[in-house]
Amino acid sequence: MTMPTPVAQEAKVKLAVQGLSIRYGHESALRDVSLQIHEHEIFGVIGPANSGKTSFLKTINRMDVFNPNMHVEGAILFDGRDVRQWRNVYALRSRIGVVFPLPVGLPLSVYDNVALSPRLHGGQSQADLDVIVERCLTRAALWDEVKDRLDALGSMLSGGQQQRLTIARALSQDPDLLMLDEFSIAVDPVTTMRIEDVLKELRKEITIILVTNLVQQARRLADRTAFFLQGECVEIGVTEDLFTGAVQDRRTRDYVEGKFG
Amino acid sequence: MSNTELSSGRAVVAADDFDRRNLDWYVDKAVQVLVFICGISAVIFIIGIFTFITKEGYAFILQMDWVEIFTTQYWFPSDEEDPEFGILALIAGTASVTGLAMAVAIPFSLGGAIFVAEFASGKTREVLKVLVELLAAIPSVVWGFIGLSIMNPLIIETFDVPVGLNVLNAGIILGLMAAPIMTSIAEDALKAVPDRYREAAEAMGATRWQVIVRVVLPAARNGLLGAVLLGVGRGFGETMAVLMATGHSVNIPGSLFDSVRALTATIAAELGETAVGSEHYQALFAIGIFLFIITFIINLSADLIVRGVREG
Ligand SMILES: Nc1ncnc2c1ncn2[C@@H]1O[C@H](COP(=O)(O)OP(=O)(O)OP(=O)(O)O)[C@@H](O)[C@H]1O
Ligand SMILES: [Mg+2]
């Protein structure tokens, strides 16, 4: 039993970002960011609006290709291999689960929403699918609410339910990296807590990048946290240090103490 | 200026304003009435057509042998001794041509719509859209001409059959004719699927094709069905092209190479030479009512289905 310690200096590197810069046209969104994310950690990313958090996530699973205006420089090594060298981006994406800030319940049944990813790769029997659907919905704290109406349209659920459906869908990919972008924006506090508990459980199996604008959420969950500000990575450290004042940059302390934002 | 001053000052003026009907008010009312008249005129036309049909046909609609008309296949309206007015063969003609037309048009228009909506971008997309709309504007007599002068010899040669004016010819012509408008509507339906659905699916590692098959097409299902139904309605109602390309001979077709005759073409070809009120005239009238009801039902359901898309 080797539970990863929060600091985990010796832990395996899951994602290594080297000199990453992102531009939209001529507007710079992220400048020269280098950081390492370890296997089995929750890596928090905090920062005010427009600091480049979402853009950062998009480059990791190559969602940047949808926007011809978006230019990326630097290297992102996923399991030691640059994501831009993967010939099959679909294979890369299927290993990375993403949860967007705004819920996206696909206009399919609840069941089909969760079964979509396993079906893409084929090979599962109906019974297998049933198991996967139930497990993922349970983990996303949604099973009890929808187990009697798995046939209902996913896009007809409430906002908070759709968000949990999105999480269940991301889990159904059985990803080794899960990226959450301000997932709690459309979810009530009680459910948020339940999902946070699930994330703590998941950490034992996978690596999680948690982008959040709630600094307390980062404090509750993240082992280490990066602070982004206007396209600059100001600080990376053990999360607790950011809150107890052991920070290098005073802008970090100002931010976590709510002095600006 | 303080808040109380402002609000009390306003209140005095407002008391007057509430009762005065000014120019804006009259313009607003006038526009409302105008728009209402325009809107209602469509309904008035439909009711007018319906009244005309019932009035014209009133005398014989009740006493006609409807069962015989719809269940026999012999259409010999100008036989001196024993004219027969069975429209079963005409229905079969229209149905077979429309069926083949859909078999041609559905793959073409669906493929075209998927390409334009999902793959083409920028200039290509704009040019294609304009082309599709131009195609939709070709008059049906031109299509009939193509059937007569190009398809006819082509079919005779390729399949070594005596006549090239048959179900195959008319079905292909009608299919090509209906395809552009179906493409256009199907493309609208695909475009109405929000991009966030595509992005969500692609983020999971779905390929472009998987996204289309598993997410976009199911989401656009109703709009696509509406497009097909409008195509079917077009097929039933089309007259000139089928008159020219079917061969216009009464027949229940046994193969693609049999000539047939369509309901619409029969009316167009024969109504001019029948005496008003004669039995022949009445039979043509019955066909008209039948077509009216069928196309009405098809178009109405297409409309309801497409509408369901926007609301659901
Ligand atoms: N599609 C786009 N096209 C052009 N510019 C963009 C685009 N997306 C983001 N940007 C710009 O990139 C910068 C960073 O945006 P990003 O969405 O990454 O910030 P964020 O940290 O996620 O903000 P928030 O907390 O509000 O979500 C912003 O200045 C934004 O205007
Ligand atoms: Mg963001």
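How far apart do the C-alpha centres of domain 1 of chain B and domain 2 of chain B lie? They sit 38 Å apart. Before I go on, this is a predicted model, where local features need pLDDT of at least 70 and side-chain atom pairs count only at pLDDT 80 or more, while totals for chains, interfaces and linings use all residues. Residues are numbered from 1 along each chain as its sequence is written, and chains are lettered from A and ligands numbered from 1 in the order in which they are written.

Okay, back to chain B. Domain 1 covers 3–63 and domain 2 covers 87–311, with bounds from an automatic or database domain assignment. Their contact takes four residues from domain 1 of chain B and five from domain 2 of chain B; contact here means C-beta atoms, placed from the backbone, within 7 Å. The domain 1 side has two nonpolar, one polar and one charged residues. For those classes, Ala, Val, Leu, Ile, Met, Phe, Trp, Tyr, Cys and Pro are nonpolar, Asp, Glu, Lys and Arg are charged, and the others, Gly among them, are polar.

Staying in chain B, let's look at helix H9, residues 208–219. Helices are DSSP runs of H or I with at least four residues, numbered from the N terminus. Val211(B), Ile212(B), Val215(B), Val216(B) and Ala219(B) are buried there, meaning 20 or more other C-beta atoms, placed from the backbone, lie within 10 Å of the residue's own. They're on the same side of H9(B), because they cover an arc of only 130° around the axis, taken from the directions from the helix axis to the C-beta atoms. Their cover includes H4 (88–119), H7 (167–191) and H8 (195–203) of chain B.

Now, the two chains together. Chain A puts 17 residues into the contact and chain B puts in 15. On the chain A side, H2(A) gives the largest share, four residues, and the classes come out as eleven nonpolar, four polar and two charged.

Next, the ligand. Ligand 1 has 13 residues around it, the closest being Tyr24(A), Ala29(A), Ala49(A), Thr54(A) and Ser55(A); a residue counts if its C-beta atom, placed from the backbone, lies within 6 Å. Helix H1 of chain A, residues 53–60, brings the largest share of that shell, three residues. By class, nine of the shell residues are polar, three nonpolar and one charged.

Last thing, confidence. Mean pLDDT (the predictor's confidence in each residue, from 0 to 100) is 89 for chain A, with 95% of its residues at 70 or more. Residues 1–5 of chain A stay under 50, though, and the model has three contacts beyond four places in sequence for them.

Methods:
Helices (H or I, at least four residues) and strands (E, at least two) are DSSP runs, numbered from the N terminus. Two residues are in contact if their C-beta atoms, placed from the backbone, lie within 7 Å. A residue is buried if 20 or more other C-beta atoms lie within 10 Å of its own, exposed if 12 or fewer, and partly exposed in between; C-beta atoms are placed from the backbone.
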